Amino acid sequence: MAPGLEGSPRGTALKSALERAGVRVESVSDAVLETLADTEQPQGVVAVIEPREWRLEDLEPAPGRPVLVLDAVQDPGNVGTILRTALGLGGAGVVALKGTADLHNAKVLRGSMGALFRLPAVAADAADYLAWAKSTGVETWVTAADGEPLSKRTGAHRPRAPIALVLGNEGAGVGAALSAAAPRRVAIPLRPGVESLNVAVAAGILLYEVTRGV
């Protein structure tokens, strides 16, 4: 940490809390901390951690507690927001397939607002995911513009089995292998003239629909 951290009551309280917890603290100059931090205006502290390595077996989906599967979602800000949203709305975890931004990317971490430390988040390939879903009885739903509108009227927000919602690349959509394996294609009804939503926004709406009232 740098002297700038103690320029606010919040920073002083953080330093005291770290020292009470027995966390090893190294003091550096503000200039040195700027070279270590990934942001243009660091707040005076940088933490060095070894993130937990989650496995597919750590995911525990249940009715009303879906898994989100990201198929080549490339923007790290969107991935971080999806992690934060999944934790906030009661998702069981996130599976990041090939082509998705690295879960340990600094922008993913910041966008998750701490969710990455609490929510199971697994990097896997499509074949491993599909094998896990089959073995655990998880039903895969892919999101697609031509899918069935996901709304209360259809009862689609009350799945009887654990589900996984697959969100694809905003340009290319969900890949062929996952689309072929999914028994259900779902969509968010949009007004005429609107082709799609931001993938992180769509994730929040879909999660809300499948978790409410279950």
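Mentor: Happy to! One term first: a residue is called buried when its relative accessible area is under 20%, and exposed when that value is over 50%. Keep in mind, too, that this is a predicted model. The mean pLDDT of the protein chain is 89, with 95% of its residues at 70 or more.

Let's settle on strand S5, residues 163-168. Look at its side chains: Ile163, Leu165 and Leu167 point one way, while Ala164, Val166 and Gly168 point the other way, and all of them are buried. Because 6 of the 6 residues of S5 are buried, the strand is largely enclosed by the rest of the structure.

Now for its partners. Strand S1, residues 67-71, pairs with S5 in the parallel sense over 5 bridges. Within that part of the picture, Asp71 has Gly168 of S5 as its bridge partner. Strand S4, residues 139-149, also runs parallel to S5, and 4 bridges join the two. You can find Val142 opposite Val166 of S5.

One caution as you browse this region: over residues 152-157, pLDDT stays under 50. The model has 17 contacts beyond four places in sequence for that stretch.

Leu36 counts as exposed because its relative accessibility is 56%. Together with Val32, Val46 and Val48, Leu36 forms a nonpolar surface patch with about 380 Å² of accessible area.

How values were computed. Residues are numbered from 1 along each chain as its sequence is written. This is a predicted model: local features need pLDDT of at least 70, side-chain atom pairs count only at pLDDT 80 or more; totals for chains, interfaces and linings use all residues. Side-chain values use heavy atoms; hydrogens and water are left out. Patches are made of residues with over 30% relative accessible area and no salt bridge: like charges are joined within 9 Å, nonpolar side chains (Val, Leu, Ile, Met, Phe, Trp, Tyr) within 5 Å. Accessible areas come from the Shrake-Rupley method with a 1.4 Å probe; for residues, only the protein chains shown count as cover. A salt bridge is a side-chain nitrogen of Lys or Arg within 4 Å of a carboxyl oxygen of Asp or Glu. Buried means under 20% relative accessible area, exposed over 50%, partly exposed in between (1.4 Å probe, protein chains only). Two strands pair if DSSP finds at least two bridges between them. pLDDT is the predictor's confidence in each residue, from 0 to 100. Contact means heavy atoms within 4.5 Å.
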